[in-house]
Amino acid sequence: MTATRTPRIVIIGAGAVGADTAYTLYLRERAPDIVLVDIDDQRARGEALDMQHGQALAGGARVRAGNYADCAGAAIVIITAGAAQKPGQSREALLERNGEIIASIVAAAEQHMGPETVLLIATNPVDTLAQIAARHARRPTRRVIGSGTVLDSARLRWELGEKFGVDARHVHAHVIGEHGDSELVVWSHAHVAGAPLALPVLQREEIARATREGAYEVIRAKGHTSHAIALSLDRICAAILNDDHAVLTVSTDLDGAYGMSDLYLSVPCVVGRTGVERVIEMELDAAERAALAHSASVLRQRIDSIEPAAWPSDVTRDNDTIRTSL
Ligand code: NAD
């Protein structure tokens with residue numbers, strides 16, 4: 001078990017997503033020391049205590065409430081703080097408020113984090129907020145990651161698994177682009193054991209729509225989403241802590257890949273101890289290329305609407321280490 005070897009994970013934001021993420025990391029013993037930080041101290045304390053009460057029945061990991069000083073020595077700092085979507089509300093509507101929250105959290109965490117820490121953003125709209133976090137962080141962009149479409153790809157694989165009667169873990173399919181309404185399914189590379197998924201266009205559209213609107217459906221039904229995003233964040237943490245070199249559709253700084261630069265969006269990335277090690281360029285068909293370009297233009301407009309429009313000169317890029325093909 002990795003718990004005795006892996007260090008601290010700090011989660012900033014102990015709401016539905018933060019608490020569920022802590023619980024998932026705790027049950028899976030991802031790190032011996034899991035810390036919840038929230039502007040609402042009581043909430044962080046209550047969530048941590050509720051988990052601590054099960055310590056005798058759980059594994060070797062511990063969860064506690066803490067503060068920004070706990071970011072010192074953390075392997076991963078996850079940000080889930082900020083306003084969440086209300087029923088019918090888009091992720092984009094959260095931008096202004098959450099942009100300010102993310103900037104202030106990154107500034108506070110940077111007072112303590114070491115150079116090795118990977119910053120993982122889940123707060124929505126996640127692509128733009130990961131980019132804002134990167135602008136304010138004092139670390140290479142490869143160490144500032146958005147959870148991106150890891151969750152959407154999982155939703156897609158579940159939908160396809162149900163459709164074809166196959167374990168979702170054995171469905172290979174990716175959602176790329178924005179974590180939001182302009183995301184796209186890469187149908188040209190979707191397969192099970194190398195067998196392409198034979199689906200009429202109408203059914204593809206229906207599955208893509210169910211994937212895209214999955215969050216809205218859950219929010220209408222229970223008020224928020226939390227379990228599947230917690231599993232997604234746990235998967236990204238595992239890839240970092242275990243240096244898995246896992247291929248995950250996280251949101252990353254496209255530094256020339258797919259013909260785009262200075263923009264965070266999701267494409268398959270190799271994720272390991274240093275964060276995003278490489279961006280994989282999928283060979284997209286013409287329709288997919290157009291859809292990705294559209295998604296990128298949506299994100300470009302959004303980030304350009306935020307001040308400051310230019311990246312500070314001290315942002316470190318990873319041109320030497322991120323390659324754009326296998
Ligand atoms: P929530 O309202 O339950 O929790 C948010 C928490 O953030 C609250 O406890 C609040 O006190 C805290 N907070 C606010 N400002 C803070 C600050 N400055 N410092 C520290 N803590 C602060 O919301 P939630 O349901 O947990 O959702 C959190 C975010 O995650 C939302 O933006 C939501 O849209 C996003 N989300 C992302 C994904 C994804 O796939 N990326 C999935 C689900 C939810």
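Tutor: Contact means heavy atoms within 4.5 Å, and axes are lines fitted to C-alpha atoms, for helices over the stretch in contact, with angles from 0 to 180 degrees between N-to-C directions. This is a predicted model, in which local features need pLDDT of at least 70, side-chain atom pairs count only at pLDDT 80 or more, and totals for chains, interfaces and linings use all residues. Residues are numbered from 1 along each chain as its sequence is written, and side-chain values use heavy atoms, without hydrogens and water.

Student: At about what angle to β11 does helix α8 run?

Tutor: Helices (H or I, at least four residues) and strands (E, at least two) are DSSP runs, numbered from the N terminus. Helix α8 comprises residues 227–241 and lies across β11 and β14. Its direction relative to β11 is about 145°.

Student: Which residue in β14 is the bridge partner of V247?

Tutor: Strands pair if DSSP finds at least two bridges between them. Strand β14 (residues 269–272) is joined to β11 by 3 bridges, and the two run antiparallel. In β14, the partner of V247 is V270.

Student: Is Y26 buried or exposed?

Tutor: Y23 and Y26 lie 3 residues apart in helix α1 (residues 16–27), and are therefore separated by about one helical turn. Buried means under 20% relative accessible area, exposed over 50%, and partly exposed in between (1.4 Å probe, protein chains only). Y23, at 40%, is partly exposed. Y26 has a relative accessible area of 2%, so Y26 is buried.
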